[in-house]
Amino acid sequence: MTARAAETEATERQLDIFEQAMDKRTVKGRSLYVDAWHRLKRNKAAVAGVAILLFIIILVTFGPMLNPWDHEIPDWDNYSTPPSLETGHVMGTDALGRDLFERVMVGGRISLLVGIIATLVSLFIGVAYGAVAGYLGGRVDNWMMRAVDAIYALPFMFFVILLMVVFGRNIFLIFVAIGAVNWLDMARIVRGQTLSLKNKDFIEAARVSGATEWHIISRHIIPNLLGVVVVYVSLTIPQVILVESFLSFLGLGVQEPLTSWGALVNEGAQELETAPWSLLFPATFLAATLFAFNFLGDGLRDALDPRDR
Amino acid sequence: MRAPILKVEDLSVHFRIDAGEGLFRHDYQTIKAVDRVSFELAPAETLGVVGESGCGKSTLARAILGLVAPAGGRIAWLGDNLVGKTEDEMREKRRQLQLIFQDPYGSLDPRMTVGQIVGEPLKNFFPSMSKMQVRERVSGMLKMVGLAPEQINRYPHEFSGGQCQRIGIARALVVNPRLVVCDEPVSALDVSIQAQIVNLLKELQKKLQLSLIFIAHDLSVVRHVSDRVLVMYMGKVMEINDSERIYRNPAHPYTRALIESVPIPDPKLERERARRALGGELPSPTHPPSGCVFRTRCPFAQDKCAAAEPPLEELEDGTRVACVRYAEIKGELEL
């Protein structure tokens with residue numbers, strides 16, 4: 001029997017087998033992510049973090065729609081009044097008579113947006129850059145990482161002030177500035193992980209299976225990096241929110257009448273003795289968000305840790 | 001012998017290692033991981049490759065697949081020289097040349113399902129295949145290696161080591177290769193599972209008319225599967241011989257030492273056996289001995305062994321051996 005005939009026969013046999021197999025229900029595998037999700041659900045702190053985050057996101061998204069006050073226009077009858085249901089200002093007003101609840105919600109939108117967008121920017125640049133440098137290795141890696149070191153050496157505040165001077169004050173500049181600095185960390189972490197991944201047998205197996213380099217990076221390296229990256233993202237978002245707060249505190253961040261949690265905390269701190277509520281509410285929201293992200297990050301790290309498997 | 005499907009001539013693979021790093025200069029040392037290895041492989045033949053850890057077996061396998069660049073020599077695959085081919089050209093060749101790995105878990109991407117793992121070579125080599133065709137072929141392949149096709153959506157960590165090795169075999173065979181290089185496919189498995197996997201490979205080889213290069217450091221496994229056996233030591237070929245003859249009548253002192261080191265699973269026989277254990281340490285690969293590399297540990301070594309490197313000579317019965325004293329010590333080597 002020739003090899004060709006044997007092959008045809010084998011294929012026919014496979015078809016029969018396949019038909020039989022279709023009758024049985026295919027068993028669904030539990031992926032590593034599903035396993036991780038089950039572990040995350042058992043972690044009470046992480047679940048609480050997710051719940052708090054969802055609550056805050058829903059509140060800042062829909063809260064202003066239910067609130068009759070505007071974040072810019074003062075209530076001429078109420079300057080610096082404490083929280084009260086009678087006046088309708090549930091978190092009181094600031095020194096200019098603006099509704100604090102409205103301002104905390106609007107500020108929350110800005111703070112979360114900065115956190116998420118700047119992190120996404122750093123995520124895309126950092127993962128692509130780090131994975132390419134780590135996978136190609138050698139001289140390319142050396143030059144790419146020296147470039148990262150050089151950018152890293154720029155003082156962050158100097159960089160931000162320079163951007164402000166050249167382009168004027170603009171909320172998008174903050175996204176750019178923070179994103180442009182944060183991807184450096186991401187690139188370093190991803191490169192380190194890639195270096196350890198590329199010596200694994202399954203990468204060589206992919207080469208033997210006819211995969212191109214790009215295919216290996218996108219289908220094998222990056223999916224295997226996700227565990228680390230997800231954790232790092234959950235810890236970067238609060239860090240970015242804090243950086244934005246710091247910039248706003250210095251007067252380099254968002255500009256009046258727009259606000260952010262950092263700017264509100266700054267204003268509140270100046271009126272601490274006369275109007276403590278104007279510090280208490282934004283600070284509570286800021287702290288709750290930071291805690292929630294950190295608990296979630298810790299939970300994700302534990303859930304995705306391969307040693308647990 | 002039939003016309004060879006694979007003909008390796010004087011294949012060498014060298015590695016450079018850092019010996020010290022200064023500010024302005026690098027010092028390198030060269031390791032000859034594979035040094036002028038030659039052999040042939042006939043269609044549907046199994047060649048066993050044995051040798052101690054670090055003797056260059058795996059490097060030889062990777063050089064044949066084009067995964068490491070050879071320093072010299074020829075690899076004639078169906079008359080076409082693979083040495084010096086670009087990565088793109090090699091990729092095309094790997095449809096016919098496949099590799100089975102030693103580590104059953106490490107060689108499977110933990111984030112991919114069995115269906116994706118086994119289907120990957122199909123998608124790469126036959127981009128025109130439809131999803132349904134890929135799925136059919138993968139299911140058939142899983143069945144062929146003794147796995148249930150219903151497990152197609154499962155992940156590697158849900159399988160045992162032996163099952164993972166079956167997945168690796170399915171991935172290698174799914175594109176219908178003509179040569180499969182097995183790089184110690186069973187040394188990471190339990191003894192009972194080893195037999196299953198070895199028998200599966202033998203069965204598939206017969207069914208699909210595959211040529212196999214079977215690398216192992218366990219001689220009893222190699223004896224079971226191989227038609228011929230190649231013995232390596234420090235990157236060089238010591239002996240190539242028929243599987244049956246090599247176990248009865250080794251031609252090289254190193255082959256004899258390897259065979260003698262296999263334990264007999266019977267305490268009485270094991271105690272009665274007169275053993276000449278191989279003394280000494282493996283010499284440093286950066287500074288190999290002059291002449292015959294085995295002379296520092298060889299019980300038959302003489303001054304002339306250090307003088308020149310022994311050539312691989314073909315004897316009248318087809319045995320090939322690299323030993324200058326072969327004719328003198330022939331009688332003493334018999335087991």
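## Confidence of the model

The model is predicted. Chain B as a whole averages a pLDDT of 87, and 95% of its residues score at least 70. For the complex, the predictor gives an ipTM of 0.84 and a pTM of 0.77.

Chain A contains 11 helices and zero strands. Read from the N terminus, its elements run α-α-α-α-α-α-α-α-α-α-α. Of the 309 residues in chain A, 38% are buried. Among the contacts in chain A with a separation of 6 or more, 70% are between residues 24 or more positions apart.

Helix H10 (residues 261-270) of chain A is largely enclosed by the rest of the structure, because eight of its 10 residues are buried. The buried residues of H10(A) are A:Trp261, A:Gly262, A:Ala263, A:Leu264, A:Val265, A:Asn266, A:Glu267 and A:Gly268. Their cover includes three helices of chain A: helix H4 (100-136), helix H9 (213-249) and helix H11 (277-304).

## Nonpolar cores

The largest nonpolar core has 94 residues, and B:Ile213 and B:Phe214 touch the most other members. With neighbours within four places in sequence left aside, B:Ile213 is in contact with B:Leu41, B:Leu47, B:Val49, B:Ala61, B:Val181 and B:Cys182. Another core lies apart from this one; it has 58 residues, including A:Leu112, A:Val190, A:Ile237 and A:Phe281.

## Packing of H3 and H5 in chain B

Helix H3 (residues 114-125) of chain B and helix H5 (residues 161-173) of chain B have axes that come within 7 Å and cross at roughly 30°. An angle under 35 degrees counts as roughly parallel, and H3(B) and H5(B) are therefore roughly parallel to each other. On the H3(B) side the contact is made by B:Val114, B:Ile117, B:Val118 and B:Pro121, and on the H5(B) side by B:Ile167, B:Ala170 and B:Arg171. By type, the residues of this contact are six nonpolar, no polar and one charged. Residues three or four places apart in an α-helix point the same way, because the helix has 3.6 residues a turn.

B:Asn153 is placed in the loop between helix H4 (131-144) and H5 of chain B. B:Asn153 is partly exposed, with 15 other C-beta atoms within 10 Å. The C-alpha atoms of B:Asn153 and B:Thr113 are separated by 5.3 Å, although the two are 40 residues apart along the chain.

## Positive phi angles in chain B

Most residues other than glycine have a negative phi. B:Glu184, which is not a glycine, has a positive phi of about 45°. B:Glu184 sits in the loop between strand E7 (179-183) and helix H6 (191-208) of chain B. A residue is buried if 20 or more other C-beta atoms lie within 10 Å of its own; B:Glu184 has 22 such neighbours and so counts as buried.

B:Met234 is also not a glycine and has a positive phi, of about 50°. Its place is in the loop between strand E9 (228-233) and strand E10 (236-242) of chain B. B:Met234 has 24 other C-beta atoms within 10 Å and is therefore buried.

Terms used. Residues numbered from 1 in each chain as written. Chains lettered and ligands numbered in written order. Predicted model: local features only at pLDDT ≥ 70, side-chain atom pairs only at ≥ 80, totals over all residues. pLDDT = per-residue confidence, 0-100. Axes fitted to C-alpha atoms, helices over the stretch in contact; angles between N-to-C directions. Helix = DSSP H or I, 4+ residues; strand = E, 2+ residues; numbered from the N terminus. Parallel < 35°, antiparallel > 145°, perpendicular 65-115°, else oblique. Contact = placed C-beta atoms within 7 Å. Nonpolar A, V, L, I, M, F, W, Y, C, P; charged D, E, K, R; others polar. Core = buried A, V, L, I, M, F, W, Y, C linked by C-beta atoms within 7 Å. Buried ≥ 20, exposed ≤ 12 C-beta atoms within 10 Å, placed from the backbone.
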